[in-house]
Amino acid sequence: MAIVNIDGMDIYYEAYGEGEVIILLNGIMMSTASWQGYIEGLSKNNKLILVDFIDQGQSEKVDYQYTQDLHVETLKGLFDYLEVKKVHMVGISYGGEVAMKFTLKYQDYLSSLILANTTSYTNHNLKDVGKSWINAAETYDGSNFFKTTIPVIYSPEFYEENIEWLRKREEMFTNIFTKEWYDAFVRLTISAEDLNITDELYKINVPTLIMGSDEDVVTPLKYQKVIHEKIKDSRFVIFNNSGHASMYEKPYEFLIQILGFVSLN
């Protein structure tokens, strides 16, 4: 657990284990703390790196708008600081978008690319979803923000069966999230508005696994099918009975897919 200054910005990261490097890139509402249940499994035979993007978790909060290209450059800076030459890069949702952009620019750093519940294009539907989330964030009301953003993240079945856990998360939103957190969330959301790299994906030439969920309404399966069709020789797996947050809804399958793909590449 450490903070390193990259290009004048403090970046928080955690490292566990030894071996080939696996790095996990967060979804937009996540932080390094979100991956606690995966640390033991992914670091047993590999070196696992968790990192908070700018405006996430314990990394620096800025006071200006940026694009996802900022995260690409801070990741490269982190790898150079840690003297990491090759990584298995895993990105979920927003993290998957950054992972694709990083691969397009710095492909030589990649041993493999694993993408979950993500998209290569922020279409008008996603932009409006983002605007509704921004509107909720700007109320600085945890319960309002939770009820606007979270019900669409999970499948209806998971939501029903885990309502007590979700209510505790709603309480956490209300008690822990600050104005600084919400303002950072707004900048992160805006940073993805202009994403459109579908026509560049053919340039990706590293082993790639794409994971989607049959009940994902934020980034439906067809978004991942586009990525699969564009990246040559990529593999595509579907989690059944799961929504957008597959890492929470299908943790065992999520872990097994990562470990299996890393072991083959």
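Helices H4 and H5 are roughly antiparallel to each other, because their axes cross at roughly 165 degrees and angles over 145 count as roughly antiparallel. The model shown here is predicted. H4 covers residues 124-137 and H5 covers residues 142-149. Their axes come within 8 Å. The crossing is right-handed.

Now look at where the two helices touch. On the H4 side are Ser132, Trp133, Ala136 and Ala137. They meet Asn144, Phe145, Thr148 and Thr149 in H5. By class, this contact holds four nonpolar and four polar residues. It has no charged residues.

Another helix pair is H2 and H3. Their axes come within 9 Å and cross at roughly 70 degrees. H2 and H3 are therefore roughly perpendicular to each other, since that term covers angles of 65 to 115 degrees. H2 passes H3 in a right-handed crossing. H2 brings Asp69, His71, Val72, Glu73, Leu75, Lys76 and Phe79 to the contact. H3 answers with Tyr94, Val98, Lys101, Phe102 and Lys105. These residues divide into six nonpolar, one polar and five charged.

Rolling a probe the size of a water molecule over the atoms shows where empty space is left. The count comes to one cavity of 30 Å³ or more. The volume of the largest cavity is about 30 Å³. Ile11, Val51, Asp52, Phe53, His71, Thr74 and Leu75 line it. Helix H2, residues 69-82, gives the largest share of this lining, with three residues.

Turn next to the open space. The largest pocket holds about 990 Å³. Its lining has 47 residues, of which Gly27, Ile28, Met29, Met30 and Phe185 are the closest to its centre. Several helices take part. H3 (94-105), H4, H7 (163-176), H8 (179-191) and H10 (246-249) each supply at least two residues of the lining. H4 gives the largest share, six residues. By class, the pocket lining has 26 nonpolar, 13 polar and eight charged residues.

H4 thus links two parts of this tour. It runs roughly antiparallel to H5, and it supplies the largest share of the lining of the largest pocket.

How values were computed. Residues numbered from 1 in each chain as written. Predicted model: local features only at pLDDT ≥ 70, side-chain atom pairs only at ≥ 80, totals over all residues. Heavy atoms only, no water. Axes fitted to C-alpha atoms, helices over the stretch in contact; angles between N-to-C directions. Helix = DSSP H or I, 4+ residues; strand = E, 2+ residues; numbered from the N terminus. Parallel < 35°, antiparallel > 145°, perpendicular 65-115°, else oblique. Left-handed = near helix turned anticlockwise from the far one by under 90°. Contact = heavy atoms within 4.5 Å. Nonpolar A, V, L, I, M, F, W, Y, C, P; charged D, E, K, R; others polar. 1 Å grid on protein atoms, 1.4 Å probe; cavity = no way out; pocket = protein on both sides within 12 Å on 5 of 7 lines; lining within 4 Å. Points joined across faces, edges and corners; volume = space filled by probe spheres on them.
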